[in-house]
Structure formats: structure tokens, C-alpha cells
Amino acid sequence: MAELAEYSENISSNTARSLTKSVVCEHSHRRFATVEAYVSELGGEKSRIIEKVLIANNGVGAVKAIRSIRQWAYQIFGNERAISFVVMATPEDLRANAEYIRMADVIVDVPGGSNNHNYANVTLIVELARLHGVHAVWAGWGHASENPLLPETLEKSNPPIKFIGPAGPPMKALGDKIGSTIIAQSAGVPCISWNGDSVTADYDQQTGTLPDSAFEEATIHTATEACEAANRIGFPIMIKASEGGGGKGIRRVDKQEDVLTAYRQVCGEVPGSPIFIMKLASNSRHLEVQLLADEYGSAVALNGRDCSVQRRHQKIIEEGPPLAAPPDVWSEMEKAAVSLAKAVGYTNAGTVEYLYSETDSKFYFLELNPRLQVEHPVTEMITRVNLPAAQLQVAMGLPLHNIPEIRELYGRDRFETDTDASTIDFDTAIRNKAAGHCIAVRITAENAEAGFKPTSGGIQELNFRSTPSVWGYFSMDSSGSIHEFADSQFGHLFASGIDREQA
């Protein structure tokens with residue numbers, strides 16, 4: 001009898017826990033039958049249904065996007081194929097047995113060679129998007145991801161095709177390093193000394209433009225102007241191409257006699273690009289704020305990352321949350337980034353990069369990348385926000401306060417049936433603390449005997465098993481290879497812990 005009583009008590013306790021759990025689950029977890037049902041309930045006045053996406057990318061970018069969105073689709077719909085993916089595949093990627101091709105629902109052959117023939121070819125991307133009837137295009141990073149012509153052309157399609165990222169005008173304005181710096185300093189964001197530090201202008205949100213006169217005033221046109229600006233700013237300086245990136249179009253100069261040579265080198269590396277000069281912030285850290293903004297004027301900072309460990313101006317180790325800046329200074333950096341996003345009507349994911357001087361605890365605007373960053377999983381680990389899925393939901397027209405993971409980040413239930421209670425004032429709401437610490441390392445194909453230059457070739461062995469605290473993803477397996485047109489990065493590893501030491 002005692003055993004029976006104990007059994008009955010356990011049953012009653014389990015039943016009570018199940019009932020309690022079912023009540024909690026109404027707000028913490030729900031399954032939707034279709035994408036249409038999800039968007040209908042949580043979308044705003046600009047909502048749209050996206051069930052088919054063209055991935056205009058390859059390598060680790062394509063792998064990460066497909067994997068993240070399928071994970072989200074399984075959680076929300078119980079079906080990881082609720083969103084289908086069309087991918088572009090060059091002959092080189094097919095021969096390399098690229099992972100993203102095996103993951104796709106539809107594979108489209110595209111011309112091989114350099115990316116201007118395929119993944120960066122806007123005309124080709126738009127043509128394929130129309131031909132295969134996709135609802136949206138995800139470009140990720142690199143290739144055509146920062147070309148404003150892509151979202152502008154997709155929008156003109158009939159019917160319009162959604163670009164999963166910012167609209168053309170803010171992308172055009174913020175993707176330009178000179179223009180973005182003018183916008184930032186006009187919005188009151190601290191900027192380091194540079195040749196255009198006296199220039200302010202009004203940004204036109206409709207056209208995404210600044211007055212031509214402002215650009216002209218802030219651009220270095222000749223070697224003579226470069227020498228004059230360098231002397232005024234003071235050495236050491238950085239001569240940079242506005243359209244440069246990835247280590248190209250940038251030179252450090254420590255003395256006057258080297259300005260002319262460095263200026264010509266920068267001009268030669270990025271032909272036709274406007275040039276500008278900025279003060280080199282010695283012993284500074286490279287800190288960045290992860291932004292997410294919806295189509296209704298709301299924007300939030302999803303913590304940030306420290307990307308100070310670089311080689312040849314390329315990030316190789318990233319970590320978050322940043323610990324170099326004191327909490328009060330970091331809060332100001334986040335607020336400045338959000339203000340900048342709102343000032344230009346920015347939507348979707350973006351990153352504001354700063355230089356942070358530890359000696360005087362000051363920060364300076366560097367640039368705003370109008371796209372998702374390679375290192376975004378660091379933010380995912382410390383905020384528990386699936387960023388590619390969040391991008392998709394913003395593109396579907398969901399307000400930030402209706403995206404379940406954003407709600408959780410601000411201490412709310414994932415779902416709220418009361419419309420008034422669902423709204424969140426992000427200007428005053430307190431975000432949860434970072435969920436531990438994460439350190440990321442990029443895995444690249446390089447030749448150590450040739451100064452670690454990018455190289456190509458077959459993969460002899462690739463064996464890595466993720467654990468809850470250490471995980472990674474790769475663009476191919478042991479049967480694959482790195483072809484000559486591929487990005488040298490083919491993997492990314494992430495280690496997390498309760499603090500930096502454990503990570």
C-alpha cells in the first residue's frame with residue numbers, strides 16, 4: 001500500500017508539473033502550422049510571407065544561413081523544410097563538393113570564375129530569383145551583399161522580391177566609409193581626427209544621399225592634398241580607400257616622406273575609389289556593436305564583439321562580450337550605434353565598428369557594415385538570438401517586439417497574446433546580461449611557407465565534433481577542396497564558457 005501511495009503521489013506530482021508546464025508553454029513555446037499563420041499573427045502592417053529563399057552566396061556563409069534558418073523552422077513549425085532554399089553553384093564549387101550544395105533544395109548552375117560572373121553578379125542574381133519564383137534573396141557577406149543595386153533591382157521586380165538586409169538607400173550611404181563617417185559625425189557620434197572632420201551634412205532618407213559638396217570636401221583628390229591633410233592630422237596616419245576592405249586599400253604611414261608612395265599604392269589597389277586619411281589610434285581596440293532594426297523604426301543593440309586580434313587588417317580571432325570598455329562607456333557605444341541606425345532609417349542586421357582607446361576610455365566611429373558579419377555567431381552564443389532567422393523575420397515584416405528570441409532577450413515571454421502587453425519600449429527596456437563568454441577562431445587555407453598567403457587544394461582530412469561548449473561549422477568535409485576562386489576561410493570554431501577564462 002505504501003508503494004501504491006508513493007506511486008499515486010508521483011503520478012499526481014507529475015500531472016501537476018505537466019499542467020504547469022503546459023500553461024508556461026503557451027507563452028514560452030508554440031508551434032505554428034504554416035509560415036502564413038506565423039506571419040499573420042506576429043507580423044505588422046508591412047508583413048509578407050517568405051517561404052522560398054535564394055542564397056546568393058557560397059562557402060561558410062551559405063552553410064550558416066541554411067543551417068540557422070532550418071533550425072529556427074523546426075522550432076517554430078516542426079518542419080525544417082518550411083523554408084526552401086535555392087542555391088547558386090559554380091563548376092568549381094560542384095567539383096569541390098561544397099557542403100552548402102548538398103544542403104540545398106534547388107541547385108542552379110551558374111558560370112564559374114571570379115565572383116563578378118556569379119555570386120557578385122547582380123543581373124544574374126535577380127534573373128535567377130525571378131526565374132525560380134523566390135520570395136527573398138539572402139546575400140550574407142562578401143560578393144553582392146553590400147551592392148545597393150541588388151536590393152533596388154529586386155524591389156522593382158514584378159512581383160517585388162524582398163532583399164534580406166537593408167534597403168538600397170541606407171546601404172549606399174553607410175556602405176561608403178566617407179559618407180558613413182559624415183553621417184555619423186553629423187548625428188553626434190564621436191569620430192577620430194580625419195581629413196573631413198569639419199564636414200557635416202543633412203542625410204536624405206528617401207534617396208540615401210548626402211550633398212555632393214560634402215563628399216567632395218571630405219575626399220582626398222591628389223597626393224598634394226594627402227600630404228597637407230597628413231600634416232594637419234599628425235602622424236601616424238592611415239590612408240584608406242573608401243571602397244576598400246579585406247585588407248586592400250589601406251596603408252599605415254609614420255612619416256611625411258612615405259605619404260606619396262602609400263597614397264599611390266592605395267589608389268592602385270582599389271582603382272577609382274575615393275580616398276581619405278584618418279589618424280591612427282595607436283594601442284586601440286577594435287570593438288563592434290551588433291545591430292538589429294525592423295521596418296517600423298525600432299532598433300536594438302545585441303551586445304557586441306572585440307575583434308582586435310587581426311593580421312594584415314583581417315580579423316582572425318573574435319570574442320564577446322567586449323570587456324575592454326567599462327560598462328558605462330560600452331552603454332554609450334551601443335546607444336550611439338542605435339541612434340545612427342535610426343537616423344538613416346536602417347533595417348535588418350548591421351554592425352557599427354569603433355576604435356576604442358583604453359588609455360583615455362574614448363571611442364571613435366570607424367564604419368557601419370550594412371550586412372551580417374562573418375563573426376555573428378559570437379553574438380548568437382551570448383544573446384541566444386539566431387541572427388539569420390532574425391533577419392528573415394524582419395524581412396517578413398515582424399516588429400522586433402514580436403520576434404520570440406528578442407522578447408526573451410528583454411526578459412519577456414516568447415509569445416504574448418495581449419497586443420498591448422506585447423509592445424516593448426527598447427529605449428527604456430533592460431536587456432538580459434550576456435550568457436557567458438564566447439571566443440571564435442577562423443579556419444583558413446593558407447601557405448605558411450609563403451607568408452601565410454591564401455592557397456587552394458584538396459582537404460586530406462577534416463575531423464571535428466562539436467560539443468555544447470565548443471562547436472564549429474565548415475564549408476566542406478574531407479571529400480572536398482578549396483578552389484582558386486573560393487574564400488580562404490572554410491571554417492569557424494567557437495568556444496564558450498561562463499567567463500572569458502573558461503571560454
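A charge sits over a ring when NZ of Lys or CZ of Arg is within 6 Å of the ring centre and within 35 degrees of the ring normal. Select arginine 31 with tyrosine 74: the arginine lies over the tyrosine's face, 5.3 Å from the ring centre. Next, pick arginine 30, whose charged end sits over the ring of phenylalanine 415, 5.6 Å from the centre.

A word on ground rules: this is a predicted model, where local features need pLDDT of at least 70, side-chain atom pairs count only at pLDDT 80 or more, and totals for chains, interfaces and linings use all residues. Residues are numbered from 1 along each chain as its sequence is written, and side-chain values use heavy atoms, leaving out hydrogens and water.

Now colour residues 59-77, helix α3 (helices are DSSP runs of H or I, at least four residues, numbered from the N terminus). Of its 19 residues, 15 are buried (under 20% relative accessible area, with a 1.4 Å probe and protein chains only). Just after α3, glycine 78 has a positive phi of about 70°.

Time for rings: those of Phe, Tyr and Trp (its six-membered ring) pair if their centres lie within 6.5 Å, and planes over 60 degrees apart count as edge-to-face. The whole structure holds 10 aromatic pairs. Show tryptophan 72 and phenylalanine 77: their centres are 5.5 Å apart and their planes at 90°, so this pair is edge-to-face. Tryptophan 72 is buried at 3% relative accessible area, and phenylalanine 77 is buried too, at 10%.

How values were computed. Helix = DSSP H or I, 4+ residues; strand = E, 2+ residues; numbered from the N terminus. Expected span 1.5 Å × (residues − 1). Buried < 20%, exposed > 50% of the residue type's maximum accessible area, 1.4 Å probe, protein only. Phe/Tyr/Trp six-rings, centres within 6.5 Å; stacked < 30°, edge-to-face > 60°.
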